[in-house]
Amino acid sequence: MTKKVYVISVLGVQSSGKSTLLNTMFGLNFEVSAGRCTKGVFAQLIAVDKHLNNDLGYDYILILDTEGLRAPELGNDKFSHDNELATLVIGMGAVTIVNIRGENTSEIEDILQISVHAFIRMRVVNKNMKLQPGCFFVHQSVSDVNASQKMLSGYKTIHDKLDTMTSAIAKQENISEIKSFRDVIEYDIKKHICYLPNLWQGDPPMAPSNPSYSEKVLELKTNILKYPSEKKKVCVTFSDISNRMIDLWNAILYENFVFSFKNSQEVQSYTRLEEKHLSVSWDFRNKVKIWINGKLNNILSCEEKNIYSYQNTVQGELQNFIVDKQIEFKKDLEDFFSSAKDKEILVQWQSSFNIKLKNLSDELKSEAMKTCDNHFELRKVEFDQ
């Protein structure tokens, strides 16, 4: 009989208590400390008691512990690194524990957006990769018994925001079956959010551990272990895990464009900017082409005595024409930046797109000059004959 494996992964910012949570929940020994103690992904396989196999529906639990996100050590590379890591571990896990410090959900919201965007793009490339992992949101060091009621409205706001973002991406990618965030990553706003009190009663290292922490972790563990049977999800085999990891990693490498952005709103803004730039580039090229065609007709009708002076004239006119058009299209781009609703996001790319326009201007000038000079030389050959 093929053994079934339940994959549980954890995701959260650096020093948020991810490894401590897994150690407490499953009796493991992942390294814990302040700062960056986990680097990469660590895996631990746990055998399920034979008496529980039939009830739970799996034989083993594979725990994936990950390094902390948004680590200052990564500098400017943290967005692409964290987004790739998050997408990999969420895609690998049947359930991902999204670990959050305190009540601040914003630290993980951007990463979830990029992961959803990546999963949707993966479906476009590989129709068989229909991942729908589950998520449990765990808030560490939240002792207020009323936290769930206080944060419910905040979660509803985040949920609506993620739904809107997911729907927009799916529409952009022409995937009609995806309407909301939960069509990609499954979670229940009432059942899959957990608040854990402080691990210690007082200040460590002399403070005793907090029994309430362990009680809440046990409750969370029970819900997570029952998740596959409650959702009627079939757990994977060891070979499935290997194949999924290969497929996910290849997809992540293929979709590297998405991961360099902070969130999905940035991706959409940049895509709009690229479309605008393509439109400007096409118009610029078309106007230069029309200008060249007019000059080529003049070159064909130019008399021998005027051929050299006209060549100098064309070179000067081309210089002025390119400069005028560059100014015109630069103004067009500047108007696009200043009038856009998302101009605060777009401004970070304004200088790079101005450089792109300058490079395009130089390229078109060189091509036009070469085309005109070639026709002048052909004309001179005709006169010599």
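Contact here means heavy atoms within 4.5 Å, while helices (H or I, at least four residues) and strands (E, at least two) are DSSP runs numbered from the N terminus. The legends below describe a predicted model, in which local features need pLDDT of at least 70, side-chain atom pairs count only at pLDDT 80 or more, and totals for chains, interfaces and linings use all residues. Residues are numbered from 1 along each chain as its sequence is written, and side-chain values use heavy atoms, with hydrogens and water left out.

**View 1. The whole chain, to get your bearings.** Twelve helices and six strands make up the secondary structure of the chain. Of its 385 residues, 46% are buried, meaning under 20% relative accessible area, with exposed being over 50% and partly exposed in between (1.4 Å probe, protein chains only). Among contacts with a separation of 6 or more, 76% join residues 24 or more positions apart.

**View 2. Helix 1 meets helix 6.** From helix 1 (residues 18-26), Thr20, Leu21, Thr24, Met25 and Phe26 touch Tyr213, Val217, Leu220, Lys221, Ile224 and Leu225 of helix 6. These residues divide into eight nonpolar, two polar and one charged; Ala, Val, Leu, Ile, Met, Phe, Trp, Tyr, Cys and Pro count as nonpolar, Asp, Glu, Lys and Arg as charged, and the others, Gly among them, as polar. The two axes, lines fitted to C-alpha atoms over the stretch in contact, with angles from 0 to 180 degrees between N-to-C directions, come within 9 Å and cross at roughly 75°. Helix 1 and helix 6 are therefore roughly perpendicular, a term covering 65 to 115 degrees.

**View 3. A closer look at phenylalanine 26.** This residue of helix 1 has 13% relative accessibility, so phenylalanine 26 counts as buried. Beyond its neighbours within four places in sequence, phenylalanine 26 contacts Ile8, Ile46, Ile61, Ile63, Lys221 and Leu225.

View 4. Rings of Phe, Tyr and Trp (its six-membered ring) pair if their centres lie within 6.5 Å; planes under 30 degrees apart count as stacked, over 60 as edge-to-face and the rest as tilted. This rule gives 13 aromatic pairs. Phenylalanine 261 and tyrosine 270 form a tilted pair, because their centres are 5.3 Å apart and their planes stand at 55°. Tyrosine 270 and tryptophan 349, both buried, are edge-to-face, because their planes stand at 80°, with centres 5.0 Å apart. Tyrosine 270 belongs to helix 9 and tryptophan 349 to the loop between helix 11 and helix 12, so this pair ties together parts 79 residues apart in sequence. Ring pairs link Phe261, Tyr270, Trp349 and Phe353 into the cluster.

Key
Parallel < 35°, antiparallel > 145°, perpendicular 65-115°, else oblique.
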